[in-house]
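Q: I'm new to this one. Could you take a close look at a single part and walk me through what packs against what?

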Amino acid sequence: MTECNHINAGRRGLLIAGALSATAVAVPGVAGAAEAAHAAAQAGQAPPVLMKVNLDINGQRHSLELDTRTTLLDALREYLHLTGTKKGCDHGQCGACTVMLDGQRINACLSLAVMHEGARITTIEGLGTPDKLHPMQAAFIAHDGYQCGYCTPGQICSAVAALGEIRQGIPSHVSVDLNAAPQATPEELRERMSGNLCRCGAYSNIIEAISEVAGRPA
């Protein structure tokens, strides 16, 4: 077994050396950096690359120095302690981390914080307060648009942005006439909210809440 391990280790070393040699031939200027990166990784000394970024979050300016790999979601939760935005799947599939970036909704788990220098970001904390609820927050309460509540911040941010898309005349996949202004019908709202999952199954109540804010019967 020891001899086998030596053979495997030798094989790995040969493959790494071959890859570095190929890099040196294809991109000579990168060869030194590739070798240095490999040596640092082998020694466990690869430091994170830090970058300063300024973010306007809920109307307040924040200056952070972050690892360039930090997602916007982790910057909000771990560095600014805005934990209303939830981490669900961390793969952009559940919508729990939805926030609004310059008025448009995005999945914060799929976006790097350093990409948004100077951007205007709105999280659930910036929509309303317990003393002065946003109309969408009040509608979710009135229509019982949540159960466990974990997905609710993302649902509400997405709903506010979805109505903004309709007001701007942006069609969806179910819009019948692309030349006509879209309407906040239940079909439109279901399509636009399809990226936000509710594991408790409160979908019908969510549509009722959004329809109330849009001024249409569900």
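A: Let's start with a term: a contact means heavy atoms within 4.5 Å. This is a predicted model, where local features need pLDDT of at least 70 and side-chain atom pairs count only at pLDDT 80 or more, while totals for chains, interfaces and linings use all residues. Residues are numbered from 1 along each chain as its sequence is written, and side-chain values use heavy atoms, with hydrogens and water left out.

Now to Met136: leaving aside residues up to four places away in sequence, Met136 touches Ile156, Ala159, Val160, Leu163, Ala209, Ile210 and Val213. Met136 is also one of the residues that touch the most other members of the largest nonpolar core, alongside Leu127, Phe140, Ile156, Leu163, Leu189 and Ile210. That core has 24 residues. A nonpolar core is a set of buried Ala, Val, Leu, Ile, Met, Phe, Trp, Tyr and Cys residues joined through side-chain atoms within 4.5 Å, and buried means under 20% relative accessible area (1.4 Å probe, protein chains only). Helices α4 (124–127), α5, α6 (152–167) and α8 each supply at least two of its residues, with α6 giving the largest share, eight. Helices here are DSSP runs (H or I, at least four residues), numbered from the N terminus.

Next, the helix pair: α5 (residues 135–142) packs against α8 (residues 203–214) at about 140°, with axes 8 Å apart. Axes are lines fitted to C-alpha atoms over the stretch in contact, and angles run from 0 to 180 degrees between N-to-C directions. Pro135, Met136, Ala139 and Phe140 of α5 meet Ile206, Ala209, Ile210, Glu212 and Val213 of α8.

Technical notes: Buried means under 20% relative accessible area, exposed over 50%, partly exposed in between (1.4 Å probe, protein chains only).
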